[in-house]
Amino acid sequence: MSGYIMDLRRELGCRPLLQVGASVIVEDGQGRILLQRRSDNGCWGYPGGSVELDEEVGAAAARELLEETGIKAHALELFGVYSGKELHYVYPNGDEVSNVDVVYLCRDWSGTLCPRQGEVEELRFVSAAELPDAIMPPNRPALTDWARGKRG
């Protein structure tokens, strides 16, 4: 969780917050994408997190990718911007958010997969046909678009 969001949570508790996210759909050379199984709810999704105050969204996406997976993005291209009721979410701890998620596609990357302890349980590349049922709800719209070969 970003420092900015943590500061707001100290003041506002679990009340709904508007949260800007920066996320990355990483593709490998076989056209599969990298998914991570989250520690907080056991769901699968793509790497990403909150944008800090005055941080560029692309930089936030690259930072979150590196922190959560050990992968360094060499090039990011905008995949889509997702918002609305489908991205409203209540975390297991009761924190509530209305997300605006700026999702990037990354095909040019390097590094060795290394899940972030305490946040990511497992990392795995999967094809569109292998997408798990237990998808992080706010990630579902972008992953559905990716599986259908379209962008948001």
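The buried residues of helix 2 are covered by elements that include strand 1 (17-26), strand 2, strand 4 (48-50), strand 5 (71-82), strand 7 and strand 8. Helices (H or I, at least four residues) and strands (E, at least two) are DSSP runs, numbered from the N terminus. This is a predicted model, in which local features need pLDDT of at least 70 and side-chain atom pairs count only at pLDDT 80 or more, while totals for chains, interfaces and linings use all residues. Residues are numbered from 1 along each chain as its sequence is written, and side-chain values use heavy atoms, with hydrogens and water left out.

**Helix 2**

- Helix 2 has 13 residues and reaches 18 Å from its first C-alpha to its last, close to the 18 Å expected at 1.5 Å a residue; the expected span is 1.5 Å times one less than the number of residues.
- The buried residues of helix 2 are A60, A61, E64, L65, E68 and T69. Buried means under 20% relative accessible area, exposed means over 50%, and partly exposed lies in between (1.4 Å probe, protein chains only).
- Seen down the axis of helix 2, these buried residues fall within an arc of 135 degrees, so they line one face of the helix. The arc is that of the directions from the helix axis to the C-beta atoms.
- After helix 2 comes G70, which has a positive phi, near 85 degrees.
- V57 also belongs to helix 2, and its relative accessible area of 23% makes V57 partly exposed.
- Apart from neighbours within four places in sequence, V57 is in contact with A22, V51, V102 and Y104; contact means heavy atoms within 4.5 Å.
- Although V57 and V102 are 45 residues apart in sequence, their C-alpha atoms are 7.5 Å apart in space.

**Salt bridges**

- Side chains of opposite charge can pair when their charged atoms come close.
- The structure holds 14 salt bridges. A salt bridge is a side-chain nitrogen of Lys or Arg within 4 Å of a carboxyl oxygen of Asp or Glu.
- One of these joins E122 to R37, with the closest N and O atoms 3.5 Å apart. E122 lies in strand 8 (residues 120-126) and R37 in strand 2 (residues 33-38), so this pair ties together parts that are 85 residues apart in sequence.
- Both partners are partly exposed: E122 has a relative accessible area of 25%, and R37 has a relative accessibility of 26%.
- E55 forms a salt bridge with R63, and the closest N and O atoms are 2.8 Å apart. E55 is partly exposed at 21% relative accessibility, and R63 is partly exposed at 24%.
- A salt bridge also links the side chains of E119 and R116, at 3.5 Å from N to O. E119 is partly exposed at 29%, and R116 is partly exposed at 34%.
- Through shared partners, salt bridges join E55, R63, E64, E67, R116 and E119 into one network.
- Within this network, E64 is a residue of helix 2 (residues 57-69) and counts as buried at 8% relative accessibility. Not counting residues up to four places away in sequence, E64 touches A22, G48, G49 and S50.

**Aromatic pairs**

- Rings of Phe, Tyr and Trp (its six-membered ring) pair if their centres lie within 6.5 Å; planes under 30 degrees apart count as stacked, over 60 as edge-to-face and the rest as tilted. By this rule there are two aromatic pairs.
- The rings of Y89 and Y91 have centres 4.9 Å apart and planes at 90 degrees, so this pair is edge-to-face. Y89 is buried, with a relative accessible area of 10%.
- The rings of W109 and F125 have centres 5.8 Å apart and planes at 20 degrees, so this pair is stacked.
- W109 lies in strand 7 (residues 96-111) and F125 in strand 8, so the pair ties together parts that are 16 residues apart in sequence.
- W109 is partly exposed, at 23%, whereas F125 is buried, at 15%.

**A polar contact of Q36**

- Q36 is found in strand 2 and is buried, with a relative accessible area of 4%.
- The side chains of Q36 and E68 make a polar contact at 2.8 Å. A polar contact is a pair of N or O atoms within 3.5 Å; within protein, one must be able to donate a hydrogen and the other to accept it, and residues adjacent in sequence count only if both atoms are side-chain atoms.
- Leaving aside neighbours within four places in sequence, the residues in contact with Q36 include W44, Y46, E68, T69, V120 and E122.
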